[in-house]
Amino acid sequence: MNVLMINGSPHKQGNTYIALQEMQKIFEQEGIDSEIIQVGNKAIRGCIACRACAQNGKCVFDDCVNEIAPKFEACDGLVIASPVYYASANGTLISFLDRLFFSTPFDKTMKVGASVVAARRGGLSATFDELNKYFTICGMPVASGQYWNSIHGREIGEATEDAEGLQGMRTVARNMAFLMRSIELGKEKYGLPKKEPFLRTDFIR
Ligand SMILES: Cc1cc2nc3c(=O)[nH]c(=O)nc-3n(C[C@H](O)[C@H](O)[C@H](O)COP(=O)(O)O)c2cc1C
């Protein structure tokens, strides 16, 4: 059982990383493997809507999106973490996620998702909602915590002082572990839910 954790901050060990580390401690206690990969410090371009991925099964831009895709396919849970920028997620992370989710053909149903956000003061829950959209469009159940998975801090390291924020990270990690295990059992017993052929009506006909 393993969790892939994406750090969307340009700071390697900033406040977003502190939140992820707190979750990682719990995964370790629970015997679940986890890996933090930082993407927020990379030059990641946005999706150009060429749709070549529909034929190739991967993005035409052969960068960390294609490198990380197999890890996403193999994981049981995905954590997306972002610093809040103008009440939204970090732009580099969004470019990464748009291309990762759009270009990967594998079934994501019942991989457990969780998002966490770090900010000085505002825009946390809007960013949290934004990130959860990646999960809820593709059958990924969202692990929730005791609040809207957020931690406060401005300068690097300040998040260590946010006791409630850190507790929230531990809670969502425990909930995620429980959900992943429950889903593993459920898959054995009942199999994945049946999928109908996709009906795409695009609102015009
Ligand atoms: C471009 C930019 C925009 C920001 N916008 C917000 C914001 O809208 N709300 C907020 O509370 N903090 C904002 N911040 C502060 C960061 O979210 C905060 O410093 C956070 O802890 C950084 O996380 P990190 O250390 O993981 O990079 C902004 C920072 C930058 C650089």
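Modeller: What follows is a short talk about the ligand site and the pockets. This is a predicted model, in which local features need pLDDT of at least 70 and side-chain atom pairs count only at pLDDT 80 or more, while totals for chains, interfaces and linings use all residues. Residues are numbered from 1 along each chain as its sequence is written, and side-chain values use heavy atoms, with hydrogens and water left out.

Biologist: How many residues surround the ligand, and which are the closest?

Modeller: There are 17 residues around the ligand, and the closest are Ser9, His11, Thr16, Arg121 and Gly153; a residue is near a molecule if one of its heavy atoms lies within 4 Å of it.

Biologist: What lies 2.6 Å from an oxygen atom of the ligand?

Modeller: That is a polar side-chain atom of Ser9, and a polar contact here is a pair of N or O atoms within 3.5 Å. The backbone takes part as well, with an N or O atom of Arg121 at 2.5 Å from a ligand oxygen and a polar backbone atom of Ala87 at 2.9 Å from a ligand oxygen.

Biologist: And how much of the ligand's accessible area does the protein cover?

Modeller: On its own the ligand has 640 Å² of accessible area, and the protein covers 75% of that, by the Shrake-Rupley method with a 1.4 Å probe.

Biologist: Which elements give two or more residues to the shell?

Modeller: Those are α1 (15-29), β3 (77-85) and β5 (112-119), where helices (H or I, at least four residues) and strands (E, at least two) are DSSP runs numbered from the N terminus. The largest share, three residues, comes from β3.

Biologist: Changing topic, what volume does the largest pocket have?

Modeller: The largest pocket has a volume of about 920 Å³, a volume being the space filled by probe spheres set on the grid points, which are joined across faces, edges and corners. A pocket is an open set of points on a 1 Å grid over the protein atoms alone where a 1.4 Å probe fits, with protein on both sides within 12 Å along at least five of seven lines, and lining residues have an atom within 4 Å of a point.

Biologist: Which element gives the largest share of that lining?

Modeller: For the largest pocket it is α4, with five residues.

Biologist: So where is the ligand?

Modeller: The ligand takes up the space of the second largest pocket, as more than half of its atoms lie within 2 Å of the grid points.

How values were computed
Polar contact = N/O pair within 3.5 Å; in protein donor to acceptor, adjacent residues only side chain to side chain.
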